[in-house]
Amino acid sequence: MTTTDTQLTHDPATAESPAVSLRALTKVFGKETVVDDLDLDIASGEFFSLLGPSGCGKTTTLRMIAGFTDPTSGTVMVGGEDVTSTPPQKRDVNTVFQSYALFEHLDVRRNVGFGLRRKGIDRRTIDQRVGEALELVQLADRADDRPAQLSGGQRQRVALARALINRPQVLLLDEPLAALDLKLRRAMQLELKSIQREVGITFLFVTHDQDEALSMSDRIAIMNGGVIEQCGTPEHIYENPTSVFAAGFIGTSNLMPGTYGDGVVQVCPELRVPLLAGHGLTGGEQVSVAIRPEKIWLSELTPAMVQVPGTVVASTYHGATTQYLVDVAPDVTLTVLEQNLPRMSTGDRWTPGSRVQIGWLPEHTVLLR
Amino acid sequence: MSRRLERRPAFAVTVTVVFFAWLYLPIVAVVLFSFNSVKSLATFQGFSTRWYVDFFHDSSLITSLTASLGIAAVAAAGSLILGTMLALGLERIRSRSGRAIGAVTLLPLVTPEIVTGVAALLFFTGLGMKLSLVTVTLAEITFSIAYVTVIVRGRLASMSPEVEEAARDLGCTPWQAVRQVILPTLVPALLGSGLLVFALVFDDFVLAFFTTGVDPQPLPVRIYSSIRFGVSPAINAVGTLMLAFSALLIVLALLVPRLFHRKTSTLDLIAGGERP
């Protein structure tokens, strides 16, 4: 397992017991191990994302925390309390479901107040808190509507209010934005983040969308095949991926497998990538190097850079950026992303066939083993 | 939906008219002659309600009517309870055996009713039960469970399993989740299937004929036996009343989902109504 690159938070709240602690959590369905010996601590007040492709075990992990799925082995702790065998209705967590799962026979007000009514809280308090919750998600004017009368985005907000109103230790969100269109999703990302700051509740957010995870989270855990590949802040994971999977799943990377020897990784006879000291590799070791497309320069190279000659084979204009594919060796094509700066005109862009010199700073070479 | 052909093809119109005439003329005749002032089934002499008055003064017919209403009500209630439980249970068994059981529950819908009738008769007499309204009701419940199960399962299938989990998440025990969330969500389907079963059982002849005792008989059986001794126009009156009542029930069953702000129901689909 390549876990626990744990950059524990900037938050002083880590002194108290974590909002969620998973220890050796394992789930086996039939012959398939969906979640494999998972350890994870989520600090109180954190916006934490479980990011991974479908089938990586992220939703199963969430369901084990909520209590809908029983773990095969391991423990789930919420707020320092072992809840592994506690039924869902007695856990201090609430869930925002992917399908929203609103109660169609109740109006918005009763949907939102459902949890508080089950707790036997008096009516006046319920009315007041439902009012507040609907203010929070900007739906105060739709309180008397049935879910069927609402749009997708509005249903999503009702689901959020219905879970948040219970002020749980942890709010679990299972791909809550997946069903929304792109524009609405962007707006809801910002809104979710600001709501989380406002209420201060720990959010555990499950998603397969790397943009979503990067833009909203305090920390991200990248899951693959039932294990956590890497865990850390968005910047840390983006800048220092520790596995081939993490480097490929977050953003795009120019990934090059090669052999180490004499301070360089030899990708092919034509391409030798020098490493900075302190990598601890021994000669002959098989490794990969990765370079982010936006870290590669096509002009204004400096002597400090690793420099490679190449040929532009394709150029794609993306508005703010231009993406080039550059052949640097017979079997190695690098993706290069260049900002379209104000002083540049159309004539400044490289055309396919141009011979170019590309370069990047040695500290931007990411070593993956 | 409202795309029209520019010219109506004469052939299609003719076929449609003949079809509806074939289907409904006999029924129209029954309704018409129930208002005939003389005891003729051939010529209409004038408007009168005397056969309706006759019917309401015929105590044995009234007893049979009451019996049929009772059977239909009890069968609707019984099949609703059992059919809903079956549907909820089948939703939870997602294995191969669950699917097999699900298919078996549909058998009564395709089994010829006469087979069900004979089987029920042999079963009751084999057990030494005396044939009566009780045996009719039991047979009708058995027969009707499938309708309820089909309709309720249709509604359950369109509900996300997350709805039940949401109820658990918000503090419900498993039973409370069914009681407070699942059943209320099913109300339109329950009302619809209850009305459908009531209408089907109320005028069911075959099963009732095989499983009923001598006295009192369910209305359809009673009518059949009276026809054998000559047709009284009072029978037309009874038929008209039953027709009106059944039609009312079906219309109600179709309207129920609309009362709950829902555009379509399973029944709409059976009836070929609006599609989502």
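Tutor: A residue is buried if 20 or more other C-beta atoms lie within 10 Å of its own. Keep that cut-off in mind for this predicted model.

Student: Why is V112(A) called buried?

Tutor: V112(A) has 30 C-beta neighbours inside 10 Å. The cut-off asks for 20 or more, so V112(A) counts as buried.

Student: Where does V112(A) lie, and what does V112(A) touch beyond residues up to four places away in sequence?

Tutor: Helix 2 of chain A holds V112(A). Leaving out residues up to four places away, its contacts are V130(A), A133(A), L134(A), V158(A), A161(A), R162(A) and I165(A). A163(A) is 51 residues away along the chain, with 7.6 Å between its C-alpha atom and that of V112(A).

Student: Which residues touch the most other members of the largest nonpolar core?

Tutor: They are A161(A), L204(A) and I222(A), in a core of 140 residues. One of them, A161(A), is also among the contacts of V112(A). The largest contribution to this core, 14 residues, comes from helix 9 (residues 174-202) of chain B. Domain 1 (12-246) and domain 2 (252-368) of chain A each provide at least three residues of the core.

Student: What is L204(A) in contact with, leaving aside neighbours within four places in sequence?

Tutor: L204(A) is in contact with V20(A), I42(A), F48(A), L50(A), L62(A), I65(A), V170(A), L172(A) and L173(A). Elsewhere there is a second, separate core of 10 residues, including W51(B), L61(B), A234(B) and V238(B).

Student: How many residues of chain A and chain B are in contact?

Tutor: The contact involves 18 residues of chain A and 16 residues of chain B. On the chain A side, strand 6 (93-96) and helix 2 (108-118) each supply at least two residues. Helix 2 of chain A gives the largest share, three residues. By class, the chain A side has eight nonpolar, six polar and four charged residues.

Student: What does the domain assignment give for chain A?

Tutor: It gives domain 1 (12-246) and domain 2 (252-368). Their centres, taken over C-alpha atoms, are 39 Å apart. Four residues from domain 1 of chain A and five residues from domain 2 of chain A make up the contact. The domain 1 side of that contact has two nonpolar, two polar and no charged residues.

Student: What makes strand 17 and strand 18 of chain A the edges of their sheet?

Tutor: The sheet is open, with four strands in the order 17-16-15-18, and its pairing is antiparallel. Strand 17 (332-339) and strand 18 (355-360) each have a single partner strand, so one side of each is left without a neighbour in the sheet. On average, neighbouring strands of this sheet are turned by 45° against each other, direction ignored.

Student: How do you know that strand 15 and strand 18 of chain A pair?

Tutor: Pairing needs at least two bridges. Strand 15 (residues 306-317) and strand 18 of chain A are joined by six bridges, so the two strands pair. They run antiparallel. V306(A) has W360(A), in strand 18 of chain A, as its bridge partner.

Student: How many helices and strands does chain A have, and what part of its residues counts as buried?

Tutor: Chain A has eight helices and 19 strands. Of its 369 residues, 40% count as buried. The C-alpha atoms of chain A fill a box of roughly 75 × 50 × 40 Å along the principal axes.

How values were computed. Residues numbered from 1 in each chain as written. Chains lettered and ligands numbered in written order. Predicted model: local features only at pLDDT ≥ 70, side-chain atom pairs only at ≥ 80, totals over all residues. Axes fitted to C-alpha atoms, helices over the stretch in contact; angles between N-to-C directions. Buried ≥ 20, exposed ≤ 12 C-beta atoms within 10 Å, placed from the backbone. Domains from an automatic or database assignment. Contact = placed C-beta atoms within 7 Å. Nonpolar A, V, L, I, M, F, W, Y, C, P; charged D, E, K, R; others polar. Core = buried A, V, L, I, M, F, W, Y, C linked by C-beta atoms within 7 Å.
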